[in-house]
Amino acid sequence: MNRRTGGVAALLAVIAAIAAVAVTTATATPNHAARALVGCKGGATIGLLAPITGPAASLGEPQQRWARFFVSRWNVTHKKFKITMREGDTQLPNVAEATKAAQTLASNSKILGIAGPAGSQEVVATTPILKGVGLAYVTGSATRTTLTDGSRSGYFFRVVPPDAVQGPTVARYIVNILKKKNVLIIDDQETYSTGLSADAAGELRSLGATVSRDSVSQSASDFSSLISRINNNVDVVYIPWQLPPKAQLFAQQMREQGKRQILFSSDGTFDPTTYKPAQTAYNSFFPVARTNKVVTAYKRSHGGQPDFFGTPTYVATQVVVEAVAKACKNGSASRAEVRSNIRKTNIKKSLLGLRVRFTANGDLNGGRFGIFRVTNGNYTPVG
Amino acid sequence: MPSDELPSVPAPPDAVDRPRIGVDQWVADVEGREDERSQLRRGFERVPSAGWLAVFVAVASVLPFLLNQGDLFRYGLFTLLYALLALGLNVTVGFAGLLDLGFIAFYGFGAYFYAILASGHFGIHWQAELAIPVIVVGAALLGLILGLPSRRLLGDYLAIVTLFFGQAFVVFVNAANPKGLSGGANGIADVDPINFFGYELTTTKDYYYFSLIVFVLVLGTLYFLSRSRTGRAWRALREDPLAAELMGMPVNRLKIMAFMFGAGIAGLTGTIFAANQTGVFPGDFDVSLLITIYAVMILGGVGSLTGMVIGAIVINVSFEILTPATPDHARWLFYATVVIALAARVRPWQRLLLVLGGTAVFGFVVHAAVQALSPSATDGTVVSGGFLTDVIRGWAIVPKHPGDAAKYAYVGLVVAILLVTRLRGWWRALALIPTLYLVAFVWENLLIDQPAVTRFILFGALLIALMTARPQGLLGTSRVEIV
Amino acid sequence: MRLRLHPPRSVGNVLFYVGVAVALGLLLREGFRLGWPLFGQLVVNGLTLGSVYALIALGYTMVYGILKLLNFAHGDVYMVGAFIGFGVLNVFGAPPNSSLPVWLLVSLMFLAAMIGCGGLGVAIERFAYRPLREAPRIAPLISALGVSFFLQNSVLLLLGSQFRQYPFGLINPGGVQLGTVFISATRIFVIAGAAVLMVVLTIFVKRSRLGKAMRATSFDREAAMMMGIDADRVIAATFFIGSALAGAAGVMFGLVFTQVFHFMGFVAGLKGFTAAVIGGIGSIPGAMVGGLLIGLGEAFATGYVSSTYQDLIVFCILIFVILVRPSGLFGTPAIQKV
């Protein structure tokens, strides 16, 4: 036997040994994590999944700040039941990092519930992990309609209405109230925007409007050439983007080239300090009470920035923490208990101005969107 | 893996006394260092590579019994995936010396191809024993196409073309998405688990063992390949393409083969990844992963197979320990690394003792002084960290509202560290004391509050420091480039 | 001995001119089809973007020319420049309630950004690249990635992730109406400013002592050192100038495109790198032409095809140029001497 065949034989032996170990230990150990009781007398732990770094950090940081804000407020008023929050960085759009972060939280047996993740694709990818260990996850920003198709019932919840509510609301407003018939939709090539664009386009077409589509890359920093080619017979430009500063630049460059179309944007760009177009513009968002004392307190402790994009995560954290607190009344709780408590959540009026009660599939019961007219940074509710 | 050994020629009896004519400074230096190596280290080098492989496999096989599922997923599975990717990249870059910056596209191609062949996306559900060979061949063919320009382009021009190929792949699957092929920004969800003749891999443990088997196979293949005619030809090509061509080597065919091998391994890894993640998304195949894999390869030492494994372990494990979800681990790792780095770099031991002791005393003095001046400057809450918390509370300054002070301190720290690297001898030891205290201050007030950002900053600093200390990587062999 | 690594030059040349002719033909067709005002507007858009790319590409190309190093941290130096400009703006306030006249404010922004970035570039070279000068080529590449990670995340840590806004139309909210094409004052300023910087750089490199030393060093470092040129000083100067140009590009970007944030350097760096390669990496006029070409290519791709395919189209231009001119438009043909 020469050296090479010897080596090959040795390799095969090693592989056989690994396979043997793998097969003999493959007797599936049933997962007890979901029903295991965790002692939580003086306090409990929850998790947060958000894109704290990476290209979408400007979305994740507000979510992180609002979630931390809820926890610190809770800990001030509940001295006997303190909440600890463990954060996982999902680095949107890098889904592999999201699954790693979810695994870290999932394998921490102290964690009873999770606020997040932020993106719809992250929800899809982390579902097997979180469901496998019986964790509930409440998102404040994943709005793809099909997430609540029933395959995640009892585990996945969201405190914001889905695209299927927002898109048609916008479409009906454009056709029925503004009486406009020719709409250009520009998405920004990520899941939130493409999903919302599809829902709005479908409804617009069924209402008899003419729809044209284009898209810009997430990394684009100049829209002037795209704007140059906007046809003069277009009445409304719909930009359901997730980054308010890009929408602001788009608005500025439209004015620079003297384009007079009405600009319509979505909840992703609801940011009075950043997105303040000087032309006629509309925006769809939750009917949030902007003079709410929570918002005022947040602004005071964060240098005047309201970071509205993070408000739904505040509500999501609230839902999780309240469910955990209820489950911990008797000194211990299980993830299953927390899940059933979240399902029974009933908040009369959340920070978003919506009633939080969940359907069996995890959607808000009767969630709706408000339309705001935007004039120089002032957002006035108009419908 | 040790390189090919030359048959040893017996030295002349009076070798020591002879003048060393024709031996230049560099060679003499290297030989001197070789002689200085300790007995222990030479002992390590005598262990045959198969022995190391056996040790690695033995340790790796028991990991699932020691780690919980989450840790096995993050530490075990992803280390193997990174190691596999680095092995593939190592063929193109390390063996053949072709700077391929589009490597991740092959990984993405494998993942997407598997997702298309085995999911509800088009309702096709292939078994893995059929899908995997098809994917590996497909990825290798894609490697052939990308390898074609490598026949003409030199070094950096090849780098830019391949880099753009990688970018174009992401644009293609994300934005172009012809006929719904790749699912656009939503990717493809609900991908089937890998299914061999009806035996499904379902748990993380299954995927871990499967990846381990694939890893051993790939490593073994590459080991023999690197010692084969082709492997030697690749190395010749890397060292000097012109000379290789003049020796009659089929340079173009060798280049394309290197691309195909790398691509095939990446495609195979992508398959495992897609099945384990149960979905593929455009964001998975971005440049950040390319940078990570390059870091793995270069940290381990370009061209070394063992190096790829070590690199993957170091990069992935340190990244995961610094995850924001476990701040206690991060603090331990941080202080331990600082102390170990000092112990390794500060000599003699008296000086090390001075630095460590000096820093401790300095801390208590400063803490007491600040407390006397303004009590509110030291009564902030220390982020949780076991028994270390109490020590830190009495030693480091943690103001209630650090505000911008911590940020200025951070900038000051960067400048201070750069200055310390310029000092020598006892001056450096003295300057280290306040610098170390500043490190603790910045860590406790700024970095530990933002662990997610911190790990990237530390990663960046680590890359710079490591390259300065060991440009050839941990296990690479230092080469002199002859101009 | 010499070895030819290209197809015969004549074949490449013929293909090149055919490609240029086809591209011009397509542009003419679209121009007639969609009207010349749109064409004019796209040219203005492309030139603005291209000027910024060209300034970034200059830094890449100068450093490459002298050290054969792909300085991946260059894009992040540009990002820091944009932030320094923003910092100056923050200190003195934006025009209506600024304590300074606009021209002084803008000059200060440029001055601060250029000096700050220049210093940063020199520091990066001193601490991250100089120890690796004799190391294998790939080691400084990784060091550069490390610097890039470090800078990007330090800015994220210190200044947060939110976008910072330059005021729109800071220099002058008006502009010039040329027929049906409107050119804002900011765009004129940026195009002209970039042109001035490039002319000054060209004269500097051609005429001044230091410029000559740079060219000598990039031609053959060892020979230059033997002639008594202090290579370390020349390299530091190159980094200073290249990084200062990137700083200026950052401020210009802020003035036209208003939104600056910590991740902006990555994409811009990639574009600058591409521009440098298309022009022929190491060649200064090449970087300028490459930058403008990429800017115009993006504008026409967006305006005449779709912004969805913008990046793919630019990729095709790159592949075409590299295949017919393997060392870029202005690069010296790579003849390897042994």
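Colleague: How many residues of chain A are in contact with chain B, and how many of chain B with chain A?

Modeller: This is a predicted model, in which local features need pLDDT of at least 70 and side-chain atom pairs count only at pLDDT 80 or more, while totals for chains, interfaces and linings use all residues. Residues are numbered from 1 along each chain as its sequence is written, and chains are lettered from A and ligands numbered from 1 in the order in which they are written.

On each side the count is 41: 41 residues of chain A are in contact with 41 residues of chain B (C-beta atoms, placed from the backbone, lie within 7 Å). On the chain A side, at least two residues each come from helix H1 (3-24), S3, helix H3 (95-106), helix H4 (120-132) and helix H6 (191-206). These names follow DSSP runs, with at least four residues of H or I for a helix and at least two of E for a strand, numbered from the N terminus. H1(A) supplies the largest share of this side, ten residues. By type, the side of chain A that touches chain B has 21 nonpolar, 14 polar and six charged residues. Here Ala, Val, Leu, Ile, Met, Phe, Trp, Tyr, Cys and Pro are nonpolar, Asp, Glu, Lys and Arg charged, and the others, Gly among them, polar.

S3 of chain A also belongs to a sheet. That open sheet has five strands in the order S3-S2-S4-S5-S6, with parallel pairing (two strands pair if DSSP finds at least two bridges between them). S3 (82-89) and S6 (156-158) are the edge strands, each pairing on one side only. From one strand to the next the twist averages 25°. The neighbour of S3(A) is strand S2 (residues 43-50), joined to S3(A) by eight bridges; in one of the pairs, A:Leu48 has A:Glu87 as its bridge partner. Across S2, S3, S4 and S5 of chain A lies helix H10 (residues 311-327), at about 160° to S4(A). Axes are lines fitted to C-alpha atoms, for helices over the stretch in contact, with angles from 0 to 180 degrees between N-to-C directions.

Now the partner chain. Chain B has 19 helices and six strands. Two of the helices, H5 (residues 103-117) and H7 (residues 155-176), have axes that come within 8 Å and cross at roughly 30°. H5(B) and H7(B) are therefore roughly parallel (under 35 degrees; over 145 is roughly antiparallel, 65 to 115 roughly perpendicular, the rest oblique). Their contact uses B:Ile104, B:Ala105, B:Gly108 and B:Tyr112 from H5(B), and B:Phe165, B:Gly166, B:Phe169 and B:Val173 from H7(B). Six of these residues are nonpolar, two are polar and none is charged.

Chain A also touches chain C, in a contact that takes 25 residues from chain A and 28 from chain C. On the chain C side, two or more residues come from each of H2 (36-67), S4 (181-184), H10 (264-279) and H11 (284-305). H2(C) gives the most, with five residues. That side of chain C divides into 13 nonpolar, 14 polar and one charged residue.

Technical notes. Two residues are in contact if their C-beta atoms, placed from the backbone, lie within 7 Å.
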